[in-house]
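Colleague: I would like a close look at one part of this model, the place where the two chains meet. Please take me through it step by step, and then show me what lies behind it in each chain.

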There are 2 protein chains.
Amino acid sequence: MLAWVDGRPAEALSVRDRGLAYGDGLFETIAVSAGRPRLLARHLARLEEGSRRLHLPLSLDQVEQELLTFCAQLGEGVAKLMLTRGDALRGYAAPADAKVRRILLGYPAPAYPVANFEQGVSLFPCATRLAEQPLLAGLKHLNRLEQVLARSEWSDPACAEGLMRDQSGRVVEGVFSNLFLVLDGQLLTPALSRCGVAGVMRAEMLEWAAGQGIATVVRDVEYAELLRADEVFLCNSLYGIWPVRQLEAHAWPVGPITRKLQTHFRELLDS
Amino acid sequence: MLAWVDGRPAEALSVRDRGLAYGDGLFETIAVSAGRPRLLARHLARLEEGSRRLHLPLSLDQVEQELLTFCAQLGEGVAKLMLTRGDALRGYAAPADAKVRRILLGYPAPAYPVANFEQGVSLFPCATRLAEQPLLAGLKHLNRLEQVLARSEWSDPACAEGLMRDQSGRVVEGVFSNLFLVLDGQLLTPALSRCGVAGVMRAEMLEWAAGQGIATVVRDVEYAELLRADEVFLCNSLYGIWPVRQLEAHAWPVGPITRKLQTHFRELLDS
């Protein structure tokens with residue numbers, strides 16, 4: 001598979017990288033189709049926001065140019081972009097002259113069952129709760145042990161995703177997806193001000209739905225609200241939208257708003 | 001500087017390592033003197049505990065043998081050991097046949113000012129609060145963005161360390177040290193059941209002090225208790241013990257229990 005470090009083909013990087021030492025960096029997982037990165041502006045905007053909050057001295061133009069060239073070579077599949085604070089001295093203090101390291105990895109498009117899209121998925125109820133850290137909330141940073149622990153809780157392929165809640169029990173997201181509810185006629189998704197990853201598909205969906213006249217709300221979501229929702233679905237930038245059909249004893253129908261959004265976003269990702 | 005990957009000299013590792021992708025691993029920072037790792041049993045015990053909690057399939061004997069050989073070559077300084085879950089497929093699920101990767105880096109002994117030890121240090125009051133995550137609390141894992149953010153808050157060399165508190169405002173630790181108080185005749189250190197790193201020097205100190213008839217207590221510590229403590233000090237496995245002299249407007253004397261512990265642990269580290 002294709003792999004670049006700082007713009008050049010490479011299968012290895014320095015053992016002194018701060019991404020390895022501390023998870024000191026960011027990443028993006030980008031759908032690539034016909035040689036082009038999908039939702040590019042959203043991915044770049046999230047990187048810009050993350051770089052600002054982590055004080056990473058990022059050249060966004062350079063990252064964009066490299067990504068475009070990489071995707072053109074990859075053709076079809078997934079591009080994973082990691083940005084780290086480069087090589088470490090020992091200790092947490094960042095070197096004054098830190099240079100951001102760019103790592104690009106290519107993968108084939110994931111082969112998810114068509115049934116996930118058509119009939120919907122079952123959620124595994126993860127016991128791993130997300131810690132509340134406003135300084136990192138929303139970012140797709142390289143500290144992902146909570147997701148690793150949550151994903152290790154189940155191996156049954158009948159569950160395509162896991163539900164993650166915060167320390168107070170509120171509903172937050174999937175392990176690798178964002179979560180939406182249709183409740184009282186509104187499209188509702190958890191606020192990600194204390195934990196969670198603000199997905200690019202989530203942002204795209206909120207904007208498009210609002211433009212369609214669907215009332216959209218971003219706020220804390222209680223577990224009881226999830227259970228009484230009329231529709232529930234997951235989204236991410238690779239698979240688009242999966243209806244949620246089941247969580248333990250609770251079942252939801254696949255509803256009309258989920259289907260409307262699926263139709264639009266399938267066309268967007270396929271175009 | 002000396003660098004090994006999986007037992008062999010190497011300056012690079014795979015771009016697909018899960019330590020880089022997710023911070024999926026552990027580390028230890030070990031004082032090396034006369035070719036031997038100090039507090040070895042404590043470091044190995046913490047690795048064993050971390051491996052158990054992160055489900056890392058660790059061969060502790062192999063790690064120990066490699067570390068001993070590495071330290072013999074290094075002679076004097078610091079050995080940093082990182083253990084990761086090896087190479088990643090894309091996605092959080094760990095491969096069924098994951099193999100732990102061992103990375104060893106050698107550094108010179110840090111050159112801290114003698115005054116830190118003798119006169120004590122000033123603490124910077126970090127605004128970065130530690131998130132509460134019982135599943136990771138106590139471990140020295142590779143998700144260290146909170147420490148990176150906290151350490152980036154000050155550059156004034158007059159502050160040798162920073163004070164970290166949890167989301168509720170309780171006192172937890174330093175950015176790279178554990179914290180002890182002498183309060184009402186007891187030696188008190190924060191419980192690390194929700195956040196923080198359980199240092200090997202902290203464990204050593206609790207055991208030795210108890211053996212000396214000093215009452216030791218491990219529990220939640222409020223900020224007000226820090227301010228009214230009779231003595232405050234920091235410890236880690238590299239520098240031993242630094243008295244804390246000042247935090248903003250508040251000052252503490254360097255007291256007799258701190259001096260007694262310093263004398264013992266200087267001898268231990270020098271022996």
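Modeller: Start with the contact itself. In this predicted model, 62 residues of chain B are in contact with 62 residues of chain A. Together the two chains bury about 4,700 Å². Carbon and sulfur atoms carry 65% of that area.

Now the polar side of the interface. The rule finds 21 residue pairs in polar contact across chain B and chain A, both residues at pLDDT 80 or more. Helix α5 of chain B, residues 145-151, gives the largest share of the side that touches chain A, with six residues. Sorted by class, that side of chain B has 34 nonpolar, 14 polar and 14 charged residues.

Next, charge pairs. Side chains of opposite charge can pair when their charged atoms come close. Between chain B and chain A the rule finds two salt bridges. One case is R16(A) with E11(B). Their closest N and O atoms are 3.2 Å apart. That is a salt bridge because the cut-off is 4 Å.

Strand β3 of chain A, residues 12-14, pairs with strand β3 of chain B, residues 12-14. The sense is antiparallel, and there are three bridges. To find the spot on screen, go to S14(A): it stands opposite A12(B) in β3(B).

How are the two copies arranged? Two copies of a chain are related by a rotation about an axis and a shift along it. The interface residues tell a matching story. Of those in chain B, 100% are also interface residues in chain A, so the copies meet through the same surface.

Now step back into chain B. Six of its strands form an open sheet in the order β2-β1-β7-β6-β4-β5, with antiparallel pairing. At the edges stand β2 (8-9) and β5 (36-37) of chain B. Each has a single partner strand, so one side of each is left without a neighbour in the sheet. Look at one edge. Strand β1 of chain B, residues 3-5, runs antiparallel to β2(B), joined by two bridges. There W4(B) has P9(B) as its bridge partner.

Chain B also has parallel pairing. Strand β8 of chain B, residues 121-130, runs parallel to strand β15 of chain B, residues 240-247, over three bridges. In that pair V121(B) stands opposite V244(B). Strand β8(B) is also joined to strand β9 of chain B, residues 159-166. That pairing is parallel too, over six bridges. Here L123(B) has E161(B) in β9(B) as its bridge partner.

Turn to chain A. Six strands make an open sheet in the order β2-β1-β7-β6-β4-β5, with antiparallel pairing. The edge strands of chain A are β2 (8-9) and β5 (36-37), and each pairs on one side only. Within this sheet, strand β6 of chain A, residues 77-84, and strand β7 of chain A, residues 101-107, pair antiparallel over seven bridges. T84(A) stands opposite R101(A) in β7(A).

Last, salt bridges beyond the interface. Over all chains the count comes to 40. One of them joins the side chains of E28(A) and R46(A), at 2.6 Å from N to O. This pair links distant parts of the chain, 18 residues apart. E28(A) sits in strand β4 of chain A, residues 25-33. R46(A) sits in helix α2 of chain A, residues 40-54.

Notes. Residues are numbered from 1 along each chain as its sequence is written. Chains are lettered from A and ligands numbered from 1 in the order in which they are written. This is a predicted model: local features need pLDDT of at least 70, side-chain atom pairs count only at pLDDT 80 or more; totals for chains, interfaces and linings use all residues. Side-chain values use heavy atoms; hydrogens and water are left out. Contact means heavy atoms within 4.5 Å. Buried area is the accessible area (1.4 Å probe) that two parts lose on being put together, summed over both. A polar contact is a pair of N or O atoms within 3.5 Å; within protein, one must be able to donate a hydrogen and the other to accept it, and residues adjacent in sequence count only if both atoms are side-chain atoms. Helices (H or I, at least four residues) and strands (E, at least two) are DSSP runs, numbered from the N terminus. Ala, Val, Leu, Ile, Met, Phe, Trp, Tyr, Cys and Pro count as nonpolar, Asp, Glu, Lys and Arg as charged, and the others, Gly among them, as polar. Two strands pair if DSSP finds at least two bridges between them.
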